[in-house]
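Please have a look at the display before I go on.

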Amino acid sequence: MRRFLVAGAAVAIAGGLAACGTSSSSSGAPSGSGSTSTAVTSCTTSGIQHLLFKPGVLTVATDNPVYTPWFVNNTPKNGKGYESAVAYAVATQLGFSKSQVTWVHEPFNSVYSPGPKAFDFDINEVSFTPQRAQAVTFSNSYYPVQQSIVALKGSPITTAHSAAQLKTYLYGDQIGTTGLAYINADIQPAKQPKVFNTLALAASALEAHRIDALVTDTPTAQYMAAYQLKHAVLVAQFPTVGEHYGLVLAKGNQLATCVNQALATLSQNGTLASLRHKWLGVYLHFPTIKP
Amino acid sequence: MFAGGGARGTVISTASTVVVLAIFVLIFVLAPGARTVAHAFFYPHDMWQSFVGDPRKGYYSVGAAIWLNIRMFLAAEVLILPIALVIALIRQSTHPALFPIRVIATIYVDFFRGVPLLLVVLALGLGVPGLYLPVISHQPDAVYGVAALVISYSAYVSEVYRAGLNSVHRSQVAAARSLGLTQRTALRYVILPQAVRNIIPPLLNDFIALQKDTSLVGVLGVIEANQAANIYASTVFNYSSFTVAAILFLILTIPLARFTDRLIERDRRRRLAGVAT
């Protein structure tokens, strides 16, 4: 009796799951690129009102806490730090004044949740990958990423980092970062890396000698080595693999077209370059090594 | 056990089960966002990818990672059972000389039942290696995780033991002593067997919770099932890996839950039989 009921329930649940599976397979087609191809009537301030989360204001999301040099003092609305400055520059291009920009807190894990988004775009060092682009829409690049190694001063990796030597260390990284993917795909270490929920936890593990090194984007790595961690040093950065950060929008949000236009203008008129120089400039002069 | 007796009961319970399940499935399928949610949580391709894993793409096998949860659970359980019993016996002791130890045991139980397990895991996993002690500071993270589980759950389980010890009537001790048994042998052969039988269901209940709480060790960077699922989700932007982890945890815990039910039922029948005859 009991066995029969359990079996019946299992069949019913399995049937439900199967139904979900088939119904979703058609919606799961990859979009292929970061930008939407759907045409938007006009990218004027009045033309994009119907695309906004809240008409009249541009709602920008990021995580909490956020770190230098991307933001300063964990205060996105102060306009300081590269990502805060880029967000305001995009807002200006779209015709919003500084007071018309609202910042909201969105944890990394819920940026890609299904359903309506409570923001217009999210800016939080999110790297574009084709797989991620199936769940959200990415803007074009606002920052080309290179990964760097952070280790404790005097530890073996600071001097011994040939391709073969790099494989012998125990790495740690933040969950879901492309740094972790880089470790596994390009360094291919012998020991399984440790994966932490936050970069701060990975940093504490480094300080406690639980990992030999961590890999993160160069500006973050430089900031950690120079200011956050007492005894750490940026060992070197890896050559680019074409990775870039993009703004994250709800899947299929046509605002992406206008955001991309804004980014293109900011790139052509040199604004992105000067913001990069202003906020990240001191962070970007390091030797490159090959994994 | 689920249904009332008889063929009619079977029909009614089957029908109501089907109706209830159908309602749930309908709500899920007819919801406006059903397709997106189904894609985000139940996409077979992502479920399979996260189950097998592919480190080159930045994520690990959830299926392989659950093995670490199982090992941590087994190691913790083996240690918790005797440690909790010792704590319970200390708290039940009456000898005046043991007073300071009783106080320590009481403080221990109060403290570790009150502090969130996650904080204990973090404190041990990040703090102990920082002490630079020989051997103790150089253990794998899973060891600190298991230590935190043992410390926290021993406090809970000692209270379960204590309830069990208290559930044995005082006349049992008196009878045992009057037969010439010492305090110790009375405890060993009369009190404990009865106490333990009473607390098997709540003990198993705690162990089901323990199986799930092994996932907290993931904060130390250990790749257990929950962490592997989280890595997949944040790498690929699809939550189907969480569904895989949930299914794996269910496969672990449901047999134990059913086993608990069966024990409770057997125990009840045995007691009722004792009353009837």
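Let me begin with the conventions. This is a predicted model, in which local features need pLDDT of at least 70 and side-chain atom pairs count only at pLDDT 80 or more, while totals for chains, interfaces and linings use all residues. Residues are numbered from 1 along each chain as its sequence is written, and chains are lettered from A and ligands numbered from 1 in the order in which they are written.

Chain A is assigned domain 1, covering 49-144 + 244-281, and domain 2, covering 147-237, where the bounds come from an automatic or database domain assignment. The centres of these two domains, taken over C-alpha atoms, are separated by 27 Å. Seven residues of domain 1 of chain A are in contact with six residues of domain 2 of chain A, contact meaning that the C-beta atoms, placed from the backbone, lie within 7 Å. On the domain 1 side, the touching residues divide into four nonpolar, two polar and one charged; here Ala, Val, Leu, Ile, Met, Phe, Trp, Tyr, Cys and Pro count as nonpolar, Asp, Glu, Lys and Arg as charged, and the others, Gly among them, as polar.

Turning to the sheet, chain A has five strands that form an open sheet in the order E7-E6-E8-E5-E9, with mixed pairing. Strands, like helices, are DSSP runs numbered from the N terminus (E, at least two residues, for strands; H or I, at least four, for helices), and two strands pair if DSSP finds at least two bridges between them. The edges are strand E7 (194-196) and strand E9 (232-237) of chain A, each of which pairs on one side only. Neighbouring strands of this sheet are turned by 30° against each other on average, direction ignored. Strand E5 (residues 147-152) of chain A is joined to E9(A) by five bridges, and the two run antiparallel; within this pairing, A:Ala151 has A:Val233 in E9(A) as its bridge partner. Helix H7 (residues 218-228) of chain A packs on the sheet, touching E5, strand E8 (213-217) and E9 of chain A, and its direction makes about 155° with that of E9(A).

What angle do helix H2 (residues 82-93) of chain A and helix H9 (residues 271-280) of chain A make as they pack? The angle is about 155°, with their axes 9 Å apart; axes are lines fitted to C-alpha atoms, for helices over the stretch in contact, and angles run from 0 to 180 degrees between N-to-C directions. H2(A) and H9(A) are therefore roughly antiparallel to each other, a term for angles over 145 degrees, whereas under 35 counts as roughly parallel, 65 to 115 as roughly perpendicular and the rest as oblique. Among the residues of H2(A) that meet H9(A) are A:Tyr82 and A:Val86, and the residues of this contact divide into seven nonpolar, one polar and one charged.

In chain B, the axes of helix H8 (residues 170-178) and helix H9 (residues 183-213) come within 10 Å and cross at roughly 155°, so H8(B) and H9(B) are again roughly antiparallel. By class, their contact has five nonpolar, two polar and one charged residues.

Finally, helix H4 (residues 62-92) of chain B and helix H5 (residues 99-114) of chain B pack at about 125°, their axes 8 Å apart, and are therefore oblique to each other.

Note on methods: Two residues are in contact if their C-beta atoms, placed from the backbone, lie within 7 Å.
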